[in-house]
Amino acid sequence: MATDFRVRSVLVTGSNQGIGLGLVKQFLRLPCPPQWVFATTLYQDGPKNKEIEELLSQHQNLVLLHLDVTDLESINAAVQQVQKHVGECGLNLLINNAGIRIHTTLATETAKSMMAQYNTNTIGPLQVSQAFLPLLKVAAQRSLQEGLSCSKAAIINISSAAGSIEVMLIWDRQPNIGYRCSKAALNMLTKCQSLVYPDYGILCVCIHPGWVKTYTTKADLTVEESTQGIVRVLSTLTEMDNGTFVDWEGCRIPW
């Protein structure tokens, strides 16, 4: 655990299950947990929110927001809710984690499938980052820290080595054409953000969480192992890491 990691506020999209939920748990377990942890879910209610709702009853600093990253009205409503809680302090850390994966091959991929994955995995992080940018700017401006860090202000995009053109992670098992293309595009988005947002004091990095046991038990890592590693990496990121693609252990991933 990153015992010395301090961040006033963090928002994790797609955090009612899987890696997003795991990240929320990691932040709540920090020795000095954030003043505000914002979890988001696509679902208004129901069994898919059960675990995050149980956490709500145990942590007063946890806030659950409804958020559809493909819907601007939903995004703007979430911004307003976050604003009410953070006030003049702004939002320190935005983690764009929400994503979808549709199993396809070159023979079965369709325009509809690809667009659905682009809308959530690439355009979603773009629109969420744009909407929360004013709050991230406020956090950066109020910080006394020099340089860039996740404690000051940062956008972290959860990507995948499946989107690395050089690595092509688990191609032989899961071709998933649209998913790979959407994550490659997310990597480019991160690089673009990293060339503009540091001027406002905001760090921009994309992270490969590893091959995690979310959709399949055949994967290498548990959610606990992956998210514990991610939070540890987040605690170490500086301006030297801006615009890079790293994994849950902090190792650089080729684009």
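**Close-up views of a predicted model**

**Figure 1. Helix α1 and its buried residues.** Let's start with a length check: helix α1 (residues 18-29) has 12 residues, which at 1.5 Å a residue should span 16 Å, and its end C-alpha atoms lie 17 Å apart, which agrees. Please keep in mind throughout that this is a predicted model. Helix α1 is mostly covered, with nine of its 12 residues buried.

**Figure 2. Helix α6 and its neighbours.** Helix α6 also has 12 residues, and from its first C-alpha to its last it reaches 16 Å, close to the 16 Å expected at 1.5 Å a residue. Its buried residues are Ser226, Thr227, Gly229, Ile230, Val231, Val233 and Leu234. These buried residues of α6 pack against α1 and against the strands β4, β5, β6 (203-208) and β7 (245-247).

**Figure 3. Helix α3 against helix α4.** Two packed helices are described by the angle between their axes and the distance between the axes. Here, α3 (residues 72-86) and α4 (residues 111-142) pack at an angle of about 25°, and their axes are 10 Å apart. That angle is under 35 degrees, so α3 is roughly parallel to α4. The crossing of α3 past α4 is right-handed. On the α3 side, the residues in the contact are Leu72, Ile75, Asn76, Ala78, Val79, Val82, Gln83 and Val86, and α4 meets them with Gln127, Val128, Ala131, Phe132 and Leu135. Sorted by class, this contact of α3 with α4 has 10 nonpolar residues, three polar ones and no charged ones.

**Figure 4. Helix α4 against helix α5.** How far apart are the axes of α4 and α5 (residues 177-194)? They are 8 Å apart, and the two helices pack at an angle of about 20°. That makes α4 roughly parallel to α5, and their crossing is right-handed. From α4, the contact takes in Met114, Gln117, Tyr118, Asn121, Thr122, Pro125, Leu126 and Ser129; from α5, Gly178, Tyr179, Cys181, Ser182, Ala185, Leu186, Leu189 and Gln193. The residues of this contact of α4 with α5 divide into nine nonpolar, seven polar and no charged.

**Figure 5. Met115 in helix α4.** Met115 is found in α4. Is Met115 buried or partly exposed? With a relative accessible area of 46%, Met115 is partly exposed. For a sense of scale, Met115 and Leu136 are 21 residues apart in sequence, and their C-alpha atoms are 29 Å apart in space.

Figure 6. Ile170 is found in the loop between β5 (154-158) and α5. Although Ile170 is not a glycine, it has a positive phi of about 40°. Its relative accessibility is 16%, so Ile170 counts as buried. Look next for Asn176, which is also found in the loop between β5 and α5. Asn176 is not a glycine either, yet it has a positive phi of about 40°. Asn176 is buried, with a relative accessible area of 3%.

How values were computed:
Residues numbered from 1 in each chain as written. Predicted model: local features only at pLDDT ≥ 70, side-chain atom pairs only at ≥ 80, totals over all residues. Heavy atoms only, no water. Axes fitted to C-alpha atoms, helices over the stretch in contact; angles between N-to-C directions. Helix = DSSP H or I, 4+ residues; strand = E, 2+ residues; numbered from the N terminus. Parallel < 35°, antiparallel > 145°, perpendicular 65-115°, else oblique. Left-handed = near helix turned anticlockwise from the far one by under 90°. Contact = heavy atoms within 4.5 Å. Nonpolar A, V, L, I, M, F, W, Y, C, P; charged D, E, K, R; others polar. Expected span 1.5 Å × (residues − 1). Buried < 20%, exposed > 50% of the residue type's maximum accessible area, 1.4 Å probe, protein only.
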